[in-house]
Amino acid sequence: MKELNGNIVFRGFLLFFTISFLLVSCDQDSLDTDSETDTQLLSKAETQTEIDNISESLNDIDENIFLSYGSSASSKEIENKEIELNKFMPDCVVITKVITNTHKSITIDYGDGCTTKNDNFLSGKISLDISLDFDSKSASIDYTFDNFYFNNKKIEGDIHKLRSWINENGNPQAIINKDIKIIWEDGSFVTVKGERKREWIEGFENHIWGDNVFLITGTWTVNHKDGNERTVKIIEPLKRKTACRFIVSGVVEIQKNDRVVSVNYGLGDCDDLAIATFNGIDHEIHIRKRK
């Protein structure tokens, strides 16, 4: 009888321990999901503005290179367009190229670093591989990075772009799939994977880069060094004016489980400000605050 009672007590204790463990685990999962402070949420919003800013700056570089070399068939066309390209590129850049009618291999080398016309500091290399399809009026573009830094943040990974001469709206357009890693000086990093559509809505009729305007839509995932994954979606198209080094309008939503932070880039002014909203409260943030 004593042995039977002992077994009953032991089993009861084991059941109690198991239930307690499950309850603690559930509570911990809840804390992991919902316990981020306002400061942490603001940091995630600021990180997203940097991701957007880096993405669009890289797209500007790629678009300029494509217009100068990728879309041109003759050496005379390339020579004329290089004049405009030199107005955009800093003096330190060395461009090497192997060009045929349907294929272009181009490397942009920023060396040990220099400041661009949009006041960004770049170093290292970007390599582009461009294949043209004149029948479909499109180009397939792959670009990779070799020890490349954007404002002291290292960029790794690959980007694939399908660039169309004209879309259903009569505008040039690019579908961009990226799988990149952005590493800050303090060792923190994010990986970004997903798709953007970039439509060129103004300025493509001439060769003046400064009056160009783009609209960007898309969805992607962002994984942080701490293991947190978030889904990011553009709910109001982002507007990029190449005369400004920042996105000037549009709204992005950052979501993890049931927590949502929105980032509003404003109404068109060229500044480094955005509004992050969560828990019903607006917070002003700076796009280039993180160092």
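Colleague: What do β10 and β11 form, and how many residues sit between them?
Modeller: They make a hairpin, with five residues between them. This is a predicted model, where local features need pLDDT of at least 70, side-chain atom pairs count only at pLDDT 80 or more, and totals for chains, interfaces and linings use all residues. Residues are numbered from 1 along each chain as its sequence is written, and side-chain values use heavy atoms, leaving out hydrogens and water.

Colleague: In which sense do β10 and β11 pair?
Modeller: Antiparallel, over seven bridges, with β11 covering residues 247-256. Strands here are DSSP runs of E, at least two residues, and helices are runs of H or I, at least four, numbered from the N terminus. Two strands pair if DSSP finds at least two bridges between them. Lys239 stands opposite Ser249 in β11.

Colleague: New topic: how many disulfides are there in the whole structure?
Modeller: A search finds two, a disulfide being a pair of cysteine sulfur atoms within 2.5 Å. Cys244 and Cys270 form a disulfide, with their sulfurs 2.1 Å apart. Cys244 lies in the loop between β10 and β11, and Cys270 in the loop between β12 (259-267) and β13 (273-278), 26 residues apart.

Colleague: Is Cys244 buried or exposed?
Modeller: Buried, because its relative accessibility is 2%. Cys270, at 51%, counts as exposed. Buried means under 20% relative accessible area, exposed over 50%, partly exposed in between (1.4 Å probe, protein chains only).

Colleague: And which residue does Cys92 join?
Modeller: Cys114, with S to S at 1.7 Å.
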